[in-house]
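Hi,

Here is the structure I promised to pass on. Have a look at it first, and then read on for what turned up.

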Amino acid sequence: MSSSIKIPATPELHYLLRLSDTCLILGQRLGEWCGHAPILEEDIALSNMALDLIGQSRALLTLAGQRSGEGYDEDQLAFLRDEIDYRNPTLAELPRGDFAFTVLRNVILSTWLKLMWERLHDSSDAELAAIAGKALKEARYHQQHAADWAVRLGDGTDESRRRCEAALATLWLYTPELFEDDAVDAAATAAGLGPAWSQLREPWLAEISEILGEATLAIPGEAAFRSSGKRGLHSEHMGYLLVEMQYLQRSYPGGAW
Amino acid sequence: MYTQAMDTLRDEGGDKPALRTAEEAQLQQRFDNRIDAGDFIEAKDWMPENYRKTLLRQISQHAHSEIVGMLPEGNWITRAPTLKRKSILLAKVQDEGGHGLYLYAAAETLGTSRDQMLDALHTGKAKYSSIFNYPTLTWADVGAIGWLVDGAAIMNQVPICRCSFAPYARAMVRICREESFHQRQGFDSLLVMVKQGTDAQRAMVQEAVNRWWWPCLMMFGPPDDQSPNSAQGMRWGIKRVSNDTLRQKFVDAAVQQAEVLGVTFPDPDLRWNEESQHWDYGAIDWSEFWRVVGGDGPCNRERLAARVKAWEDGEWVREAALAHARKSDLKEAA
């Protein structure tokens with residue numbers, strides 16, 4: 001099983017994949033910190049969050065495989081999908097950067113995921129609602145952990161502040177993608193599957209403003225740039241990430257692991 | 001994971017400090033009696049200075065081994081072949097970080113801070129288990145480490161659960177439980193590859209086993225007749241079982257497990273000895289062991305450089321956390 005699988009272009013499937021891939025790709029990035037964090041407690045915390053995110057992605061990919069009508073399992077979807085069929089917003093795939101970059105990306109995405117899981121808990125799809133119920137507890141902890149560090153770093157030393165500002169300036173460019181709707185969102189809301197991503201914007205901004213306020217960090221202005229990972233058009237970083245992640249499955253066709 | 005026998009390290013001078021007062025002599029006598037009675041020593045109890053030093057060295061080096069040991073396997077987190085294996089590996093490496101934490105905490109009860117211990121690691125004064133100076137070249141190495149390296153570690157560590165120093169013994173009880181789990185996971189991952197996988201995967205497993213076998217036997221430390229410090233460790237109840245006894249126990253168990261896996265060990269002299277009821281094994285290349293312990297293994301420089309880089313790259317983070325804590329304290333005081 002080393003050649004790529006084809007993904008049916010149904011809005012429901014894309015809605016699930018956008019979320020599963022956000023969890024998987026962010027988990028992949030957080031896993032890179034293992035053994036390299038600033039203190040041992042953070043090696044453990046970041047690995048633990050990666051583990052939660054991979055777990056969430058597994059549940060979602062399994063569900064997506066069932067809904068695809070193709071009988072794909074979680075590993076076929078994770079390891080045999082081509083880059084253009086990956087649907088995470090670009091923000092999740094950006095290289096891990098320094099610790100400020102990782103922390104602030106976690107603030108942005110854990111808040112977004114928490115709000116998403118809260119809403120998906122009421123999904124018309126009972127399985128998705130059940131996944132959301134478990135994931136919500138994890139996302140709350142992730143948000144708290146990231147927010148605590150954002151405050152320490154934003155209101156720490158001149159250097160930590162400078163690094164936070166630089167990280168935020170880059171990260172912020174990729175946040176509009178988290179709140180733009182298209183036909184996938186329209187179909188999901190019509191079916192009661194989950195919220196349109198735009199519905200998360202207001203509560204997200206309120207929570208982010210509070211966290212960044214406590215961290216004494218200013219919210220950057222909006223730029224004209226728009227990322228497009230959730231439509232399959234990723235940054236240059238994504239190809240390298242997938243090559244690394246998928247290499248064993250691609251190199252050992254028919255293998256059992 | 002662990003650590004290698006403390007016997008590779010310099011002699012701490014044993015139990016023979018010049019006792020200056022009658023009170024000290026009495027304390028020493030009471031300590032000796034407790035050790036003889038098999039009692040545990042707690043951090044606040046009086047203990048001979050050399051006992052403290054020896055334990056501090058052993059526990060901190062064990063802690064260092066855990067965190068350096070995160071690197072060779074952590075190397076494969078981003079490349080794990082399935083999401084299940086990725087999750088298992090993340091959890092395992094995270095456990096190792098946790099073991100490092102308990103062990104640093106246990107060592108801190110002896111009066112040295114974690115930062116001081118890390119400084120000793122980063123400056124090359126403290127050692128860590130040299131098994132982690134070997135590279136993980138294929139995915140099968142992850143399974144082989146779980147099966148063989150963790151298997152050897154368990155043989156070494158189970159007796160430490162009865163170590164006379166109670167904080168170390170308590171930490172080891174939990175660590176051993178987790179290590180047993182890791183070993184089973186490692187074995188299981190190899191079993192799936194050899195029983196359900198392809199010829200290419202079977203070859204990958206055998207090749208990894210070939211590379212890890214001898215370094216694993218070295219993990220138990222030099223032969224008993226070349227372990228000058230063992231007697232003192234035994235006397236103090238820090239070491240309970242000799243290097244060669246543990247090594248033999250490991251070989252006997254591993255041979256049976258290898259049969260289940262259908263892999264062989266790279267030792268033409270490995271054969272059952274009817275008389276001793278044990279598996280005989282060939283001569284270990286101790287020159288390789290001493291070369292790796294001495295800093296010239298395949299990955300010594302990379303491993304230490306990775307730890308130092310993580311520490312140096314994180315300095316601004318630790319400073320910021322302290323600066324923020326000071327600001328918060330001032331605000332609370334105001």
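Let's start in chain B, where α5(B) and α9(B) make a right-handed crossing (right-handed if the near helix is turned clockwise from the far one by less than a right angle, left-handed if anticlockwise). Helices here are DSSP runs of H or I, at least four residues long, numbered from the N terminus. This is a predicted model, so to speak: local features need pLDDT of at least 70 and side-chain atom pairs count only at pLDDT 80 or more, while totals for chains, interfaces and linings use all residues. Residues are numbered from 1 along each chain as its sequence is written, chains are lettered from A and ligands numbered from 1 in the order in which they are written, and side-chain values use heavy atoms, with hydrogens and water left out.

Back to that pair: α5 (residues 139-157) and α9 (residues 243-261) of chain B pack at about 145°, their axes 10 Å apart. Axes are lines fitted to C-alpha atoms over the stretch in contact, and angles run from 0 to 180 degrees between N-to-C directions. The contact has 10 nonpolar, 3 polar and 1 charged residues (Ala, Val, Leu, Ile, Met, Phe, Trp, Tyr, Cys and Pro are nonpolar, Asp, Glu, Lys and Arg charged, the others, Gly among them, polar).

Over in chain A, helices α2 (residues 40-68) and α4 (residues 99-120) cross at roughly 35°, with axes that come within 13 Å. This crossing is left-handed.

Now for the two chains together. Chain A brings 50 residues to the contact and chain B 49. They bury about 4,100 Å² between them, 68% of it on carbon and sulfur atoms (buried area is the accessible area, 1.4 Å probe, lost on being put together, summed over both parts). L40(A), A256(A) and W257(A) supply 17% of what chain A buries against chain B, more than any other three residues.

There are also 3 salt bridges between the chains (a Lys or Arg side-chain nitrogen within 4 Å of an Asp or Glu carboxyl oxygen). K331(B) forms one with D155(A), the closest N and O atoms being 3.9 Å apart.

Cheers

Note on methods. Helix = DSSP H or I, 4+ residues; strand = E, 2+ residues; numbered from the N terminus. Contact = heavy atoms within 4.5 Å. Buried area = accessible area lost by both parts, 1.4 Å probe.
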